[in-house]
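User: I'm new to this one. Can you walk me through it?

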Amino acid sequence: MLKHRRTIPEAAEASITRVIGSLPPGMVRRLAGRPVEVDGQVLEAEAQLAQRLVDSEDGSVMLSVAERRAKIEHDARVFTGPRVEVADVRNLEIEGAAGLLPARLYAGQGARARSPLLVYFHGGGWTVGSLDTHDNLCRFLARDAGMRVLSVAYRLAPESRFPAAAEDALASYRGAVAEADALGADPHRIAVGGDSAGGNLAAVCCQLAAADGGTEPCFQLLIYPVAQLGGREHRSYELFGEGYYLTTAEMDWFDSMYLSDPSEADDPRASPLRAKDLSGLPPALVVVAGFDPLRDEVVEYAERLREAGVEVEMQRVPGMPHGFANAVAAGRVAPAAMREVARSLARGLATT
């Protein structure tokens, strides 16, 4: 198997990313090159320039699971920007479906005792990612929404395949409810959220919690969630499945790592879009990236929630690719978009 080859030192990449964020918009556009327009959307110059940095690595190489995990840790250190400061951070453990799971609790500066709590599941195709890759994103949400965020390191595939991550999501949410006092959280205002595969787990958690009759999350934050595994019939895969950070080939690989058999993609615990009834689920904030192969399935899931009578706010970020939420402290566009997400999250939890 060919090895991942990095052509620019990590420290230099991080420096370049910070410089890009400080440049005047006109200069960023000139450096990014000719604007890229697809389906009536123009790729943000910052994203276009960052993509050129990513493409400086040999994109044709095949990576092992370990190499992919190392790469996402590397990318997080390069692209998230300077560390976001919060009032408090604490490492702990939370109950999972098969034992205790590592977790990290963040308290924003404005978070009072018994504040709202967001139980957060990181992205990474159920295979890569960690508490560290999403540390700055969780810090940002805690700070800007003035609340607590509990980031959960659910079991990863292929060591623990479907439905392990989905079971951990529900169990850790239930654990957070049970431990609300110790976490400094209001037990009646505990939400779930995540990005990409983590958004998938948050959506699945809400469905499972509704089905088993226990306490349900009061709100769901779904940042470009994977709504459907398996089929690639949505047009956004054709438009954005190559060249915009997340590719169709990568999604196929993630599916193969998570699922033991392709038929499992029809299970709503894997593909929340496959659920027949979405009524009675908590209010949802759904974030859609424009240059994302998942774009159309995310929109379809939001529309199905609305049709089922669920209160839905959909925030579209048309010029950004999948993964932009992690760049919360880099550049201008991603932080601005995520500030709006944090404001909506705070409003949603204030009214539950």
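**A buried loop residue and the rest of the fold**

Analyst: Start with S196, which is buried because its relative accessibility is 8%, under the 20% cut-off. Keep in mind that this is a predicted model.

User: Where does S196 lie?

Analyst: S196 sits in the loop between β7 and α8. S196 is not a glycine, yet its phi is positive, about 60°.

User: What about D39, what is its phi near?

Analyst: Phi of D39 is near 55°, a positive value in a residue other than glycine. D39 is in the loop between β1 (37–38) and β2 (41–42).

User: And is D39 buried, partly exposed or exposed?

Analyst: D39 counts as partly exposed, because its relative accessibility is 41%.

User: OK, sheets. What order do the strands of the open sheet take?

Analyst: The order is β3-β4-β6-β5-β7-β8-β9-β10. That makes 8 strands in an open sheet, with mixed pairing. β3 and β10 (312–321) are the edge strands, each pairing on one side only. From one strand to the next, the twist averages 20°.

User: How do β3 and β4 run, parallel or antiparallel?

Analyst: Antiparallel: 9 bridges join β3 (residues 88–96) to β4 (residues 99–107). D88 stands opposite A107 in β4. The two strands, β3 and β4, form a hairpin with 2 residues between them.

User: Then β5 and β7, parallel or antiparallel?

Analyst: Parallel. Strand β5 (residues 115–121) and strand β7 (residues 185–195) are joined by 6 bridges. L117 stands opposite I190 in β7.

User: Which strands does α6 touch?

Analyst: α6 packs on the sheet and touches β3, β4, β5, β6 (148–152) and β7. The direction of α6 makes about 115° with that of β3. α8 packs on the sheet as well, touching β5, β7 and β8 (220–223). The direction of α8 makes about 135° with that of β7.

User: At what angle do the axes of α6 and α8 cross?

Analyst: At roughly 65°, and the axes come within 9 Å. Helix α6 covers residues 164–178 and helix α8 covers residues 197–212. The two, α6 and α8, are therefore roughly perpendicular to each other. Their crossing is right-handed.

User: Which residues of α6 and α8 meet?

Analyst: From α6, the list is A165, A166, A169, L170, Y173 and R174. From α8, the list is L201, V204, C205, L208, A209 and D212. By class, the contact of α6 with α8 has 10 nonpolar, no polar and 2 charged residues.

User: How far apart are the axes of α5 and α12?

Analyst: 9 Å, for helix α5 (residues 135–145) and helix α12 (residues 333–350). They pack at an angle of about 55°, so α5 and α12 are oblique to each other. α5 passes α12 in a right-handed crossing. Among the residues that meet are F140 and L141 in α5 and M338 and L345 in α12. The contact of α5 with α12 has 10 nonpolar, no polar and 2 charged residues.

User: Switching topic. Where are P158 and P163?

Analyst: P158 is in the loop between β6 and α6, and P163 is in the loop between β6 and α6. The peptide bond from A157 to P158 is cis, with omega near 5°. A cis peptide bond also joins F162 and P163, with omega about 5°.

User: Last one. Is E242 buried or exposed?

Analyst: Exposed, because its relative accessible area is 60%. E242 is in the loop between α9 (235–240) and α10 (248–258). The C-alpha atoms of E242 and G348 are separated by 35 Å, and these residues are 106 apart along the chain.

How values were computed:
Residues numbered from 1 in each chain as written. Predicted model: local features only at pLDDT ≥ 70, side-chain atom pairs only at ≥ 80, totals over all residues. Heavy atoms only, no water. Axes fitted to C-alpha atoms, helices over the stretch in contact; angles between N-to-C directions. Helix = DSSP H or I, 4+ residues; strand = E, 2+ residues; numbered from the N terminus. Parallel < 35°, antiparallel > 145°, perpendicular 65-115°, else oblique. Left-handed = near helix turned anticlockwise from the far one by under 90°. Contact = heavy atoms within 4.5 Å. Nonpolar A, V, L, I, M, F, W, Y, C, P; charged D, E, K, R; others polar. Pairing = 2+ DSSP bridges. Buried < 20%, exposed > 50% of the residue type's maximum accessible area, 1.4 Å probe, protein only.
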